[in-house]
Amino acid sequence: MSAPQKKTAGRSLLVTSAAALSSLALTAPVALAAPSPSPSASPSASPSATPPANMSTVGGSRLGQAGTQVNLASGVPVLPKDITARSWIVTDAESGDVLAAHNAHWRLPPASTMKMLFADTVLPKFAKTEKHKVVPSDLAGMGAGSSLVGIKEGETYTVHDLWLGVFLRSGNDAVRVLSAMNKGVAKTVTEMNEHAEELQALDTHVVSPDGYDAPGQVSSAYDLTLFARSGLQKKDFREYCSTVTAKFPGETKKDKKGKTVRKPFEIQNTNRLLSGDYDISQYQGIAGVKNGNTTNAGATFTGVAERNGRVLLVTVMNPSKEGHNEVYKETAKLFDWGFKAAGKVQPVGELVPPKGAAQSSAQPGDAGEAGGSGDSAGSGASAKHVASATADGGSRGMGTAIAITGGLLVLLAGAAFLVNRRWPLPDLVRRRSSRP
């Protein structure tokens, strides 16, 4: 069966009730994980330059093989030759098809891309309007040289402020405060590991919630893609990861007249495919997700982009080529290939659904939303169209970070959900390359 025929057949099986879903099993492969990482591994030592002989086969046996996996055939574009990342993967975000991969299950340090799992785990727990006054213990334990948004002890922040700090500035200080609100780093790490297991992200072992280098802390391009795919089901997650610039509360001070003031300052997203830079343009259709960079991990990045109704996820880990913004440049090349190859190339594997997908899929957009911010569709609706997302607190670039173009991704209504591995993304905003 050709790739288009396979996709059409897969999309033809719809069920419209939770009861029907519970009676049908999702076709996920047996989860076979690679050996657990050694807890004694040094966080300062560079990972091996050679992938292990035995890697996980979650998502398909070819994904456990070392090297590049792709089904090249007539009409399928050749992969870009100058990709130097140790590991990468190109997937269809909705169908779950893995279009191509390179050492997809290689367990490597993830850097701040681990914050996607942190957000997917913790974000649903607090309403964005909830406030928290920072105490010294909230910021304890951060690693030297941590990326910071600029949180100050004794100041009060909303949960909304803190998540802006996590996504835009990759602030480890914001992660620590949210972890403190979640009854501590240890509890948060435990919950993140449990959630990774639920997502069948079996390459992942969390030690630090912010992704800072730590002994035994690893993930994989495959798992990071699972985190992004899960997070993108949440409205707030989509909003934060697509925000280009925002206002963040500053420190309370007295002005020249003796009046107490607290002036905000502007923060910008460090995802350069979203914000652009002097040597790289904003990527056409980009809509998130998260970047990272540490000594041990090198540069890591997971991005989501949409073109002509097709939504792709690309994860790139640790390019060996030394160059400014190299991780984004290699990601852009893989996106370009993926959009040309989608519908033509036979998949080499799949993104597996969460273990509990059959039970929770009745309302895919609602799951895990806090503070009444979930996505929902009326029982009589067949689709939901979203033209924009608004911001709290006068943030600039919030939600409508990039001008909308083309139509909007359709949200399957009510309890409708495709049997097998398909997991639709709700109301993902389509975007264009012009900077705001």
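Colleague: How much space lies in the largest pocket?

Modeller: On a 1 Å grid over the protein atoms alone, a pocket is an open set of points where a 1.4 Å probe fits, with protein on both sides within 12 Å along at least five of seven lines. A volume is the space filled by probe spheres set on the points, which are joined across faces, edges and corners. Here the largest pocket holds about 680 Å³ of space. The structure is a predicted model, in which local features need pLDDT of at least 70 and side-chain atom pairs count only at pLDDT 80 or more, while totals for chains, interfaces and linings use all residues. Residues are numbered from 1 along each chain as its sequence is written, and side-chain values use heavy atoms, with hydrogens and water left out.

Colleague: Which residues of the lining lie nearest the centre of the largest pocket?

Modeller: Lining residues have an atom within 4 Å of a point. There are 35 of them, and G292, N293, T294, G298 and A299 lie nearest the centre.

Colleague: Which element gives the most to this lining?

Modeller: Elements are DSSP runs numbered from the N terminus: helices are H or I of at least four residues, and strands are E of at least two. β11 gives the most, with five residues. At least two residues each come from β11 (286-294), β12 (298-307), β13 (310-319) and α10 (326-341).

Colleague: How many residues of the lining are nonpolar, polar and charged?

Modeller: Ala, Val, Leu, Ile, Met, Phe, Trp, Tyr, Cys and Pro count as nonpolar, Asp, Glu, Lys and Arg as charged, and the others, Gly among them, as polar. The lining has seven nonpolar, 20 polar and eight charged residues.

Colleague: Is Q282 buried or exposed?

Modeller: Buried means under 20% relative accessible area, exposed over 50%, and partly exposed in between (1.4 Å probe, protein chains only). Q282 has 4% relative accessibility and therefore counts as buried. This residue is found in the loop between α9 (272-275) and β11, and its side chain reaches the backbone oxygen of L274 at 2.5 Å.

Colleague: Why is helix α5 described as largely enclosed by the rest of the structure?

Modeller: The description applies because nine of the ten residues of α5 (residues 172-181) are buried. Among them are V175, V177, L178 and M181. The buried residues of α5 pack against α3 (115-122), β5 (131-133), α4 (159-169) and α6 (185-198). After α5 comes K183, with a positive phi near 70 degrees.

Colleague: How many of the residues of the protein count as buried?

Modeller: Of its 436 residues, 57% are buried.

How values were computed: Polar contact = N/O pair within 3.5 Å; in protein donor to acceptor, adjacent residues only side chain to side chain. Contact = heavy atoms within 4.5 Å.
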